[in-house]
Amino acid sequence: MFEDELPKPAKLDLEKMSVDELEARIETLKAEIAACEAEIRKKQAHKSAADDFFKR
């Protein structure tokens with residue numbers, strides 16, 4: 001297994017979850033997506049800065 005490979009989460013049975021539980025899960029997932037997108041922007045900025053530095 002590669003270092004950045006994350007273990008796959010167990011599949012949830014969404015049918016057994018209440019509306020409130022599903023809404024809470026959606027909010028949690030949105031927060032995780034936002035954190036991932038922020039990390040992508042950070043990594044892209046670092047790569048861009050490194051590319052600019054080494055092009056000189």
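Colleague: What should I know before I start?

Modeller: The model is predicted, so to speak of local features we need pLDDT of at least 70, and side-chain atom pairs count only at pLDDT 80 or more, while totals for chains, interfaces and linings use all residues. Residues are numbered from 1 along each chain as its sequence is written, and side-chain values use heavy atoms, without hydrogens and water.

Colleague: What is the radius of gyration of the protein chain?

Modeller: That value is taken over C-alpha atoms, and the globule rule is 2.2 Å times the number of residues to the power 0.38. The protein chain has 18 Å, whereas a compact globule of 56 residues would be near 10 Å. Its C-alpha trace spans about 60 × 25 × 10 Å along the principal axes.

Colleague: What share of the residues is buried?

Modeller: Buried means under 20% relative accessible area, exposed over 50%, and partly exposed in between (1.4 Å probe, protein chains only). Of the 56 residues, 0% count as buried.

Colleague: How is a pair of aromatic rings described?

Modeller: By the distance of the centres and the angle of the planes. Rings of Phe, Tyr and Trp (its six-membered ring) pair with centres within 6.5 Å; planes under 30 degrees apart are stacked, over 60 edge-to-face, the rest tilted. The whole structure holds one aromatic pair: Phe53 and Phe54, edge-to-face, at 5.0 Å centre to centre and 90° between the planes. Phe53 counts as exposed because its relative accessibility is 54%, and Phe54 is exposed at 66%.
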